[in-house]
Amino acid sequence: MARRVAGGSGVKASGGGVKAARRPELRLPALEPFEGGELEPDGDYDGLEFKDTDFAGQDGGGARFMDCALTGCALDETRLHHARVLDSVLTGIRGVGTDLAEAMLRDVEVVDARLGGVQLHGSVLERVVVRGGKIDYLNLRTARLKDVVFEGCVLVEPDFGGARLERVEFVDCVLKGADLTGATLTDVDLRSAAELDIARGVDRLAGAVIGTAQLLDLAPVLAAALGVRVEGP
């Protein structure tokens with residue numbers, strides 16, 4: 001199975017009393033190439049390399065991916081409901097309408113993804129890094145995120161409604177029109193976000209840490225949420 005690099009799992013305060021996320025640092029074993037064919041519901045995929053594979057429209061609901069590498073794969077309308085992705089690296093995946101609802105991602109790196117409308121509502125993400133790429137309309141409603149890092153990526157209108165975020169970091173990440181309605185935040189570090197735009201749920205920021213400049217940028221939204229009318233110079 002994938003080995004975690006020593007020193008990558010400790011929880012340390014990242015400043016301001018907020019606890020830093022534990023990152024997955026994986027070394028995959030020697031992988032066997034995927035022989036082709038369609039995904040199977042409840043399929044078991046262990047130690048495989050999927051390269052430039054087109055899974056558009058296929059049904060892999062309930063499947064388990066363990067110690068796998070998915071590189072350049074197309075996931076348009078792919079059904080992966082209840083799937084489990086463990087100790088794996090996903091690089092350059094792309095697709096619209098990918099269904100990962102109620103899935104589990106644990107010890108996973110997602111690199112340079114290009115996704116739109118991906119469904120992750122009700123999912124569990126633990127020790128996950130999303131690095132680079134762009135994800136439009138990410139649905140994480142009622143999901144549980146623990147030790148998750150969004151780094152150098154662009155998230156357009158991500159929906160965290162009702163989600164629970166614990167030790168989640170946004171590093172050089174652009175958030176546009178984020179929805180935090182009903183979300184619960186614990187040790188969420190937004191200070192290093194390159195852009196922070198919260199469309200709804202700004203009142204749920206308790207448990208997060210932001211920078212002074214971000215506070216000034218959010219002042220109009222915070223005032224509106226509090227019912228404060230600002231007038232004059």
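I count two strands as paired if DSSP finds at least two bridges between them. Strands are DSSP runs of E, at least two residues, and helices are runs of H or I, at least four, numbered from the N terminus. This is a predicted model, where local features need pLDDT of at least 70, side-chain atom pairs need pLDDT 80 or more, and totals for chains, interfaces and linings use all residues. Residues are numbered from 1 along each chain as its sequence is written, and side-chain values use heavy atoms, without hydrogens and water.

**More on β11**

Val124 stands opposite Arg144 in β12. I then looked at β10 (residues 104–116), which runs parallel to β11 and is joined to it by eleven bridges. There Gly116 has Asp136 of β11 as its bridge partner. Asp136 also partners Val156 in β13. β13 (residues 154–156) and β11 pair in the parallel sense over three bridges.

**Enclosed space**

I looked for cavities next: sets of points on a 1 Å grid over the protein atoms alone where a 1.4 Å probe fits but cannot get out, with lining residues having an atom within 4 Å of a point. A volume is the space filled by probe spheres set on the points, which are joined across faces, edges and corners. I found two cavities of 30 Å³ or more.

Of its 24 lining residues, the closest to the centre are Leu90, Ile93, Leu100, Leu105 and Val110. β11 gives the largest share of this lining, four residues. By class I noted 23 nonpolar, one polar and no charged residues. Nonpolar covers Ala, Val, Leu, Ile, Met, Phe, Trp, Tyr, Cys and Pro; charged covers Asp, Glu, Lys and Arg; the others, Gly among them, are polar.

The second largest cavity holds about 60 Å³. Its lining includes Phe160, Leu165 and Phe170. That lining has eleven nonpolar, no polar and no charged residues.

**The helix**

I ended at α1 (residues 212–226), which has a kink of about 55° at Leu218, shortly before Pro220. The bend is the angle between axes fitted to the seven residues ending at a residue and the seven starting there. Gln214, Leu218 and Ala223 of α1 are buried, meaning under 20% relative accessible area with a 1.4 Å probe, protein chains only. After α1 comes Gly227, with a positive phi near 75°.

Key: Buried means under 20% relative accessible area, exposed over 50%, partly exposed in between (1.4 Å probe, protein chains only). On a 1 Å grid over the protein atoms alone, a cavity is a set of points where a 1.4 Å probe fits but cannot get out, and a pocket is an open set with protein on both sides within 12 Å along at least five of seven lines; lining residues have an atom within 4 Å of a point.
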